[in-house]
Amino acid sequence: KIETKLRDQPDDGLLLATLGLIDAGLSRKNEALAEGRRAVELRPISDDAVDGAVVMGNLAMIYAWVGDVDLAIERLNFLAKMPGGPDYGQLKFDPAWDAVRRDPRFTKMLATLEPVSPAR
């Protein structure tokens with residue numbers, strides 16, 4: 001269905017990023033990486049802070065799923081500083097991030113996002 005929609009909307013970065021995630025989940029590494037990178041080109045954060053962050057987050061997830069942990073962590077460190085990036089709960093509990101969760105750099109980044117309890 002995503003491929004059909006992409007035929008009608010070939011420059012839709014959100015759709016292309018979704019296809020990249022699907023291909024990553026199906027172990028189609030080369031296709032997933034190409035689609036994720038192209039999606040970021042089509043929907044850069046500089047043009048669209050909200051959807052651009054979503055697309056870059058999807059690229060980070062693609063990197064994680066295909067085993068490119070360094071690139072996944074690099075993108076997540078960037079996104080963690082942005083308002084539209086993944087939040088603490090998503091990163092801590094979503095099983096989609098299991099591939100990078102044990103990396104000390106991920107743990108360090110996650111600690112910077114942990115909500116602080118208000119003083120009483």
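Is Asp98 buried, partly exposed or exposed? With a relative accessible area of 43%, Asp98 is partly exposed, where buried means under 20% relative accessible area, exposed over 50%, and partly exposed in between, using a 1.4 Å probe and protein chains only.

This is a predicted model, in which local features need pLDDT of at least 70 and side-chain atom pairs count only at pLDDT 80 or more, whereas totals for chains, interfaces and linings use all residues. Residues are numbered from 1 along each chain as its sequence is written, and side-chain values use heavy atoms, with hydrogens and water left out.

**Salt bridges**

The structure holds ten salt bridges, a salt bridge being a side-chain nitrogen of Lys or Arg within 4 Å of a carboxyl oxygen of Asp or Glu. Three of them are listed here.

| Pair | N to O distance |
|---|---|
| Lys29 and Asp68 | 3.8 Å |
| Arg43 and Asp51 | 3.0 Å |
| Arg101 and Asp98 | 2.2 Å |

Because Lys29 lies in helix 3 and Asp68 in the loop between helix 4 and helix 5, their pair ties together parts that are 39 residues apart in sequence; helices here are DSSP runs of H or I with at least four residues, numbered from the N terminus. Lys29 itself is partly exposed, at 35% relative accessibility. Arg101 and Asp98, by contrast, are three residues apart in helix 7 (residues 98-101), so about one helical turn separates them, and Arg101 is partly exposed with a relative accessible area of 22%. Salt bridges that share partners also join Asp12, Arg43, Asp48 and Asp51 into one network. Within that group, Arg43 is buried at a relative accessible area of 19%, while Asp51, at 24%, is partly exposed.

**The nonpolar core**

The largest nonpolar core has 37 residues, and those with the most contacts inside it are Leu76, Leu91, Trp97, Val100 and Phe106; such a core is a set of buried Ala, Val, Leu, Ile, Met, Phe, Trp, Tyr and Cys residues joined through side-chain atoms within 4.5 Å. Among the elements that give two or more residues to this core are helix 1 (2-8), helix 5 (69-79) and helix 8 (104-113), and its largest share, ten residues, comes from helix 4. In soluble globular proteins, nonpolar side chains tend to be buried together.

Leu76 is placed in helix 5 and counts as buried, at 1% relative accessibility. Leaving aside neighbours within four places in sequence, Leu76 is in contact with Ala60, Pro86, Leu91, Trp97, Val100, Phe106 and Met109, contact meaning heavy atoms within 4.5 Å.

**Helix 5 and helix 8**

The axes of helix 5 and helix 8 come within 10 Å and cross at roughly 10°, where axes are lines fitted to C-alpha atoms over the stretch in contact and angles run from 0 to 180 degrees between N-to-C directions. The two helices are therefore roughly parallel to each other, a description that applies to angles under 35 degrees. Helix 5 contributes Val69, Asp70, Ile73, Leu76 and Asn77 to the contact, and helix 8 contributes Arg105, Phe106 and Met109.

Asp103, found in the loop between helix 7 and helix 8, touches Val69 and Ile73, not counting residues up to four places away in sequence. At 16% relative accessibility, Asp103 counts as buried.

Terms used. Parallel < 35°, antiparallel > 145°, perpendicular 65-115°, else oblique.
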